[in-house]
There are 2 protein chains.
Amino acid sequence: QRFEDVFPCIRSELIDHITAQGMPKEAIQWYTNNLNYNVPGGKLNRGISVVDSFQVLKGTTLTEDEYQKAAILGWCVELLQAFFLVSDDVMDSSITRRGQPCWYKNPEVGLIAINDAFMLESAIYHLIKSRFRQESYYVDLLELFHETTYQTEMGQLIDLITAPEDHVDLSKFNLTKHRLIVVYKTAFYSFYLPVALSMYMAGIPDSYPSPVSPNETVKPFDVALSILLQIGEYFQIQDDFLDYHVPPELLGKVGTDILDNKCSWVINTALAVRGTLSATRKTEIRAILDENYGRKDGEKEARVKAVLKELDIAEIYNEYEEGVYAKLKGEIEKIPEGPGLGLRRDVFTKFLGKIYKRQK
Amino acid sequence: QRFEDVFPCIRSELIDHITAQGMPKEAIQWYTNNLNYNVPGGKLNRGISVVDSFQVLKGTTLTEDEYQKAAILGWCVELLQAFFLVSDDVMDSSITRRGQPCWYKNPEVGLIAINDAFMLESAIYHLIKSRFRQESYYVDLLELFHETTYQTEMGQLIDLITAPEDHVDLSKFNLTKHRLIVVYKTAFYSFYLPVALSMYMAGIPDSYPSPVSPNETVKPFDVALSILLQIGEYFQIQDDFLDYHVPPELLGKVGTDILDNKCSWVINTALAVRGTLSATRKTEIRAILDENYGRKDGEKEARVKAVLKELDIAEIYNEYEEGVYAKLKGEIEKIPEGPGLGLRRDVFTKFLGKIYKRQK
Ligand SMILES: [Mg+2]
Ligand SMILES: [Mg+2]
Ligand SMILES: [Mg+2]
Ligand SMILES: [Mg+2]
Ligand SMILES: [Mg+2]
Ligand SMILES: [Mg+2]
């Protein structure tokens, strides 16, 4: 709630700025609607995690000014996500988002949504300049947003050319491609970006001597990147699995990945584990998947689900989840902690705790 | 030609970078095609003007390194333009661009063009980081690109909500709105941006004492902005006028602003000069324009052209051109020049010379 209360300040600052530039009132009203419709209204996990991570890194209660600044960076992550979602919905011809029609589906909006997405991205740099220009880490923030944006766009590109909704070609799918799409399209901006922002704000240096064995050097941004990309991959694999496995009344939405030809962990795992079956059954299953995956047809979806059940994808998922959880716990425990300013294990255990055994 | 020869270096650098990130070969090929199709192939005026302005400001022959760096900034302006044009064509449902189908019109591309446009924008910041990170003016370059991008998006927004192709409403048009659209959508990025980039590269300070009257302070970026926005407005007014007035065989393309409901200087001037006519004729002319402007119909276009002829738009244009040319010459001549590093009149006279009495 405190985080949400910062949004009106941000909106005012953006609207005051375009008003001062002399924009006509219709354009000011339009941009206000764009911001209100597309920026709040999500779960705000990414934005809030900037504040939470900063809190862990600082260790003591935040001043009002610190809270504001961390929250503004959090809202910048939400603006970046809004930029991606508004344009992704246009590219995917999606119908609804967050329980309302996609922005471009509003009759007066249409393809103007593309320029509206751009203006959500530009807002990030306006806010960072106005609030962080004097900080020693100002350039780090700019470069981090640039790089993360580019990586997310690369992930989108692979996804768009691998899994177009209207052309099923399972020969393009494999678990390596899945991992690449997930890491680039989601993990960098959803997991690494918020934490790295909080690390810059906390003044964590690029490297420092390990507080437990001073001959070793800690590279905190590399450590955070490695752990958070794995957490991001885990999160998305889980998201893919829940989409297939959890009934709609529990999931809170209807899973449509099979219908939509998504390059999901579930189908990629199914394609991979066929290796353990008899040659005949292998061929049969591949034919069933080729004919029925990614078709907008409930019966075909049911045939795919029957195969996924036969292959015991749920069991494979449970093994994966236990394995990745144990591995991540181990890596987190190896982070050296001391009394001074440095990376903290709690930044990562908080993420992991929220994700492990999640059901929706 | 020398400028064009820098493009392959830039493309290699971008392709090497995404290759090093581990992108699959289909994605690398796709991005290569995106760059080749959308970045070169225009007139390159904007890019080349970075090099030309830098040459004027430096005064002596450029070293190879200086040429390269100015050319890279020039190609960054071309990348920014490519980002705008690729997405503008999607938003406008355009058919052709630079004598070939618009990128999104290629059957395998479609709405993936939106993400492709994003990746052209992101390329700018990758290149600037790789080539200018060590320079004292690095942050100035980043902020200038951010601000100019945002301004151009604001111009697009006003244009999109003022003059949608499928809904004619001349009551939304007026010369003030036209000026705002032109300045924001075109002048900032086409005229101010290239010159301001060259000024940062040349090391021109934010302010300096006038070399002719040392009690006065020169604010060179403010001077350049004021002159270049006026030149940009003049350029676009001329573009609008030529679209209406020059026969296709001379213009090199068929003017379609009347058919396309463009918020052009020509229609705005026609709406404004009705003021000098009799009340009856005023009403008649407004009715003719309301019924015939912005309709995809050659006969309706002819009726609009007849009214424009009756109102003698050509004569009004000639008066405007002489007036703005004299005013700009006067402002340029007032720029104080001395032997040291500072703003040079020639930066602006070159632009003005290329535009004045242009016929295509
Ligand atoms: Mg989507
Ligand atoms: Mg998508
Ligand atoms: Mg999902
Ligand atoms: Mg257009
Ligand atoms: Mg347009
Ligand atoms: Mg034109």
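Over all chains, a search of the whole structure finds 38 salt bridges, a salt bridge being a side-chain nitrogen of Lys or Arg within 4 Å of a carboxyl oxygen of Asp or Glu. This is a predicted model, in which local features need pLDDT of at least 70 and side-chain atom pairs count only at pLDDT 80 or more, while totals for chains, interfaces and linings use all residues. Residues are numbered from 1 along each chain as its sequence is written, chains are lettered from A and ligands numbered from 1 in the order in which they are written, and side-chain values use heavy atoms, with hydrogens and water left out.

**The interface between chain B and chain A**

- In this interface, 48 residues of chain B are in contact with 49 residues of chain A, where contact means heavy atoms within 4.5 Å.
- The size of an interface is often given as the accessible area lost when the parts come together.
- Here the buried area is about 4500 Å², and carbon and sulfur atoms give 69% of it; buried area is the accessible area (1.4 Å probe) that two parts lose on being put together, summed over both.
- B:Phe118, B:Tyr150 and B:Leu157 supply 15% of the area that chain B buries against chain A, more than any other three residues.
- The rule finds 15 residue pairs in polar contact across the interface, both residues at pLDDT 80 or more. A polar contact is a pair of N or O atoms within 3.5 Å; within protein, one must be able to donate a hydrogen and the other to accept it, and residues adjacent in sequence count only if both atoms are side-chain atoms.
- On the side of chain B that touches chain A, at least two residues each come from helix 1 (7-20), helix 2 (25-38), helix 4 (64-91), helix 5 (112-132), helix 6 (138-162) and helix 7 (175-202) of chain B. Helices (H or I, at least four residues) are DSSP runs, numbered from the N terminus.
- Helix 6 of chain B gives the largest share of that side, 16 residues.
- By class, the side of chain B that touches chain A has 28 nonpolar, eleven polar and nine charged residues. Ala, Val, Leu, Ile, Met, Phe, Trp, Tyr, Cys and Pro count as nonpolar, Asp, Glu, Lys and Arg as charged, and the others, Gly among them, as polar.

**Salt bridges between the chains**

- Between chain B and chain A the count is six salt bridges.
- One of them joins B:Arg133 to A:Glu143, with the closest N and O atoms 2.7 Å apart. B:Arg133 is in the loop between helix 5 and helix 6 of chain B, and A:Glu143 is in helix 6 (residues 138-162) of chain A.
- A:Glu143 is buried, with a relative accessible area of 7%, whereas B:Arg133 is partly exposed at 35%. Buried means under 20% relative accessible area, exposed over 50%, and partly exposed in between (1.4 Å probe, protein chains only).
- B:Lys177 and A:Glu26 also meet through their side chains in a salt bridge (3.3 Å, N to O), and a network of salt bridges links A:Lys25, A:Glu26 and B:Lys177.

**Salt bridges within a chain**

- In chain A, A:Arg281 forms a salt bridge with A:Glu310, the closest N and O atoms being 2.6 Å apart. A:Arg281 lies in helix 11 (residues 279-292) and A:Glu310 in helix 12 (residues 298-310), so the pair ties together parts that are 29 residues apart in sequence.
- Both residues are partly exposed, A:Arg281 at 26% and A:Glu310 at 40%.
- In chain B, the side chains of B:Lys69 and B:Glu135 meet in a salt bridge (2.4 Å, N to O). This pair links distant parts of the chain, 66 residues apart: B:Lys69 is in helix 4 and B:Glu135 in the loop between helix 5 and helix 6.
- B:Lys69 is buried at 14% relative accessibility, and B:Glu135 is partly exposed at 27%.

- A:Asp88 and A:Asp92 lie four residues apart in helix 4 (residues 64-92) of chain A, about one turn of the helix.
- A:Asp88 is buried, with a relative accessible area of 12%, and A:Asp92 is partly exposed at 26%.
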